[in-house]
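User: I would like to learn how to read the main features of a protein model. Please take them one at a time, with the general idea before the case.

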Amino acid sequence: MKINASEISALIKEQIKNYRQKIDSSDVGTVISVGDGIANVYGLEKAMLGELLLFPNQVYGMVMNLESDSVGVVLLGNDQLVKEGDIVSRTKQVMEVPVGEAMLGRVVNSLGQPIDGLGEIKTTRTRPIEVIAPGVIKRKSVDTPLETGITMIDAMTPIGRGQRELIIGDRQTGKTAIAIDTILNQKDKNVICIYVAIGQKNSTVAQIVDKLKRFKAMDYTIVVSASASEPAPLLYIAPYAGCAMAEEFMYQGKDVLIVYDDLSKHAVSYRALSLLLKRAPGREAYPGDVFYLHSRLLERACKLAPEFGGGSITALPIVETQSGDISAYIPTNVISITDGQIFLQSDLFNAGQRPAIDSGLSVSRVGGDAQYKATKQVARSLKIELASYLEMKSFSQFGSDLDASTLAILKHGEALMSVLKQKQYNVYQLDKQVFDLYVAKNSYLDGLNKDEIRPTLDQAYEVFKATHQNVLDNINKNKEISSEDESVLSKEMQEFFESLNR
């Protein structure tokens, strides 16, 4: 066979002429070190902060550090499955979680995956966990109450829809109890609830879910759980994931209540991540941006103006103190971000006052703007009366001879404290709260022994309800006590308490 050089030359020339260069580029990097849930990846110059990266064995990571020649990545899975030299690819997506109506009634982890054994969640919608909070123009001032069902809070530190009210106190003083009671009280009030458990024991979360199911509250609640046994990255993203789920409903014009339980553990998980990422430690070894950590989360809670949907997110962050020290780093940070705080005191809790709220240190910066007129009518002087009682009580310990006016203040204060006691899972509606405070305010209970006050008050309410249900209905409907209803209430209570003294 004879080879024709000219034919081969022509073929090569034709091939060169029609040659199209194809460059196959893929944005991948290499793991240079891994350990304690943190991976350093070389070669991803275009990676974005907060971007998801895919590691071998379907392990995902989130970019947290951008350095000159590598990126620091927190792993959202088992770091034992990742080793040095592994190839890492960009997803070009930021961290997102599933959202929507299908999430209601479910218990999910920080990634929005179900952990309640009830099968997959059928939703196609997702939202990024980190978004910029709505600006000033999009917001409307808080003016609608979010009823907690707890008389002491609704009367003295009212919470409005769109507010951020901090619940702060030592461990085992009833912080979670207040949050759970508030969720229970949203039944039939068109408020969707999200409970974010950060660093809690699995058994504790299971008990809370059981209670919510028992009171039919899971129908309108999502539980996001990042338990103590999970890696720090999952604890870190949990509140942001919960907030993303809340925002989906808010932008549909709905009202949402979100509880972060608790942000102390959240700050600790972020501190662990920051130290592992070799960020410079500051006060109490927290990184310098720990204030921004919580401010960018809590600023997302707001009430939207009607032209932007009119929905709201009400945030109840919980912070744990050590020995009542509210001047520590994380408590002062969160106090400065929120619109008020409910401070729970160990001494009051141990003395049997439940909820153990310190009326002097607790405050709501929204105040009367988020309070029904009926509550204002009966609770206007409550804080002053309690302050007078506590002051007199401390002075009366030093002397036995007390004059009549001092004794009257002490008796009235004791009656008020007894009326403000409330058992857990026993939430009161507006009419019951207003009735209790009206009776206490008008000194009908001052002559009774401490143990008799609550049973007598409940008895008075049942007697009044049996004969004047219409007055209670008017209070619930109109949110105020009319002069006619007040005269009926006054007359009936006078007769009832006179009959007791006969």
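**Reading the model**

Analyst: Eight strands, in the order β8-β12-β11-β13-β14-β10-β15-β16, make up an open sheet with mixed pairing. β8 (107–108) and β16 (363–364) stand at the edges with a single partner strand each, so one side of each has no neighbour in the sheet. This is a predicted model: local features need pLDDT of at least 70 and side-chain atom pairs count only at pLDDT 80 or more, while totals for chains, interfaces and linings use all residues. Residues are numbered from 1 along each chain as its sequence is written, and side-chain values use heavy atoms, with hydrogens and water left out.

User: In which sense do β13 and β14 pair, and over how many bridges?

Analyst: Strands of a sheet pair through backbone hydrogen bonds, either parallel or antiparallel. Helices (H or I, at least four residues) and strands (E, at least two) are DSSP runs, numbered from the N terminus, and two strands pair if DSSP finds at least two bridges between them. Here β13 (residues 255–261) and β14 (residues 312–320) are parallel, with 7 bridges. Leu-257 stands opposite Thr-314 in β14.

User: Is strand β4 mostly covered or uncovered?

Analyst: Buried means under 20% relative accessible area, exposed over 50%, and partly exposed in between (1.4 Å probe, protein chains only). In β4 (residues 59–66), 6 of the 8 residues are buried, which leaves the strand mostly covered. Met-62 lies in β4 and counts as buried because its relative accessibility is 5%. Between the C-alpha atoms of Met-62 and Ile-38 the distance is 9.7 Å, with 24 residues of sequence separation.

User: Which strands pair with β4?

Analyst: β3 (residues 51–55) is antiparallel to β4 over 4 bridges, and Leu-52 has Met-62 as its bridge partner. The two strands form a hairpin with 3 residues between them, and Asn-57 in the turn has a positive phi of about 60 degrees. β5 (residues 70–75) also runs antiparallel to β4, joined by 5 bridges. Asn-65 is opposite Gly-72 in β5, and β4 and β5 form a hairpin with 3 residues between them.

User: What should I look for in the backbone angles?

Analyst: Most residues other than glycine have a negative phi, and most peptide bonds are trans. In this model the bond from Asp-261 to Asp-262 is cis, with omega near 0 degrees; Asp-262 is in the loop between β13 and α6 (263–276). The bond from Arg-354 to Pro-355 is cis too, with omega near -5 degrees, and Pro-355 sits in the loop between α9 (346–350) and β16. Asn-190 has a positive phi near 60 degrees. Asn-190 is in the loop between α3 (175–184) and β11 (191–198) and counts as exposed because its relative accessible area is 71%.

User: Which residues form the nonpolar patch on the surface?

Analyst: Nonpolar side chains (Val, Leu, Ile, Met, Phe, Trp, Tyr) are joined within 5 Å, like charges within 9 Å. Accessible areas come from the Shrake-Rupley method with a 1.4 Å probe; for residues, only the protein chains shown count as cover. Ile-8, Ile-12 and Ile-16 form the patch, with about 290 Å² of accessible area together. Ile-8 is in helix α1 (residues 5–17) and, at 40% relative accessibility, is partly exposed.

Technical notes
Patches are made of residues with over 30% relative accessible area and no salt bridge: like charges are joined within 9 Å, nonpolar side chains (Val, Leu, Ile, Met, Phe, Trp, Tyr) within 5 Å. A salt bridge is a side-chain nitrogen of Lys or Arg within 4 Å of a carboxyl oxygen of Asp or Glu.
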